[in-house]
Amino acid sequence: MFKMIYNIARTELQMLFYSPVAWLILVVFGVQSGMLFADMMKGMVWTQEMGYPLSAVTYRVFADPMYGGVFARMQSFLYFYIPLLTMGLVSRELSSGSIKLLYSSPVTNTQIILGKYLSMMIYNLVLMCILAVYLVFAAITIKSADVPLILSGMLGLYLLVCAYAAIGLFMSSITSYQVVAALGTLAVLAVLNFVGDMWQDIDFVRDITYWLAINGRAQEFINGLICSEDVLYFVIVVALFLFLSIIRLQSRRQKTTWMTTVGKYGSVI
């Protein structure tokens, strides 16, 4: 089973890097984060040259949302990248008809979904490797740099993009049109990012929307705190959308009735 999942992930990664989109996102991500990091470091150097005392430099450069910390600002941009990566994970197979080859092979729906999701997890690690460059630079240039804070922030951003990838994978499984999948993913991510600001005058609804909101979920990690509630949130979101994706493939493969499919969706949710 694990070998099959690995083979699917490897094939998906090869197809992903054959397209210019994956490379473009790496370049844009690197340039954007690099500009933010350089701007923050320039501000620290200017402050030091002016003779002002420096304090909590690592936090201000990477985490402080008031000063535009690199990680604090990057988490608000990440959901623009993921739809472009995930829009073709399954929809490309559906539109080209190659999904029938997978159905005819001795591979299960779970293996297909987990293999494709594993490829996204690996790609997300590549994104984190770009941020690791700034970690090394900060560890060399910042006196007594708080390396655990930077590592915690990178973990939070990684969990965030993995949650985005699971959502994008599900949206890609429900349509054969890649553009529709990308727009659907962007819409769901936008809702999850802004639902925390809706109906805040009602206590019961406020509690629900606060927990559903994905915006700011990585902030505790960025601040250097690994909170079990936030870890659980990301695990639940990933598991939920992976299960929904598996059910979607099963409904296509076995031609079940819509009532059965809706019942399965409801039970998972």
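## Before you start

Since this is a predicted model, local features need pLDDT of at least 70 and side-chain atom pairs count only at pLDDT 80 or more, while totals for chains, interfaces and linings use all residues. Residues are numbered from 1 along each chain as its sequence is written, and side-chain values use heavy atoms, with hydrogens and water left out.

## Salt bridges around E12

Let's begin with the charged pairs. The count comes to three salt bridges, where a salt bridge is a side-chain nitrogen of Lys or Arg within 4 Å of a carboxyl oxygen of Asp or Glu. E12 pairs up with R92, and their closest N and O atoms are 2.5 Å apart. E12 sits in helix 1 (residues 2-18) and R92 in helix 6 (residues 91-96), so this pair ties together parts that are 80 residues apart in sequence. Helices here are DSSP runs (H or I, at least four residues), numbered from the N terminus.

E12 also forms a salt bridge with K116, with the closest N and O atoms 2.7 Å apart. Put together, E12, R92 and K116 are linked in a network of salt bridges.

How hidden are these residues? E12 has a relative accessibility of 4% and counts as buried; buried means under 20% relative accessible area, exposed over 50%, and partly exposed in between (1.4 Å probe, protein chains only). K116 is buried as well as E12, whereas R92 is partly exposed at 23%.

## A pair within helix 2

D39 forms a salt bridge with K42, and here the closest N and O atoms are 3.9 Å apart. Both belong to helix 2 (residues 20-49), and because they are three residues apart, about one helical turn separates them.

As for accessibility, D39 is partly exposed, with a relative value of 43%. K42 reaches 55% and counts as exposed.

What is T58 in contact with, leaving aside its neighbours within four places in sequence? The list is A63, I142, A145, D146, L149 and I150, where contact means heavy atoms within 4.5 Å.

Note on methods:
Helices (H or I, at least four residues) and strands (E, at least two) are DSSP runs, numbered from the N terminus.
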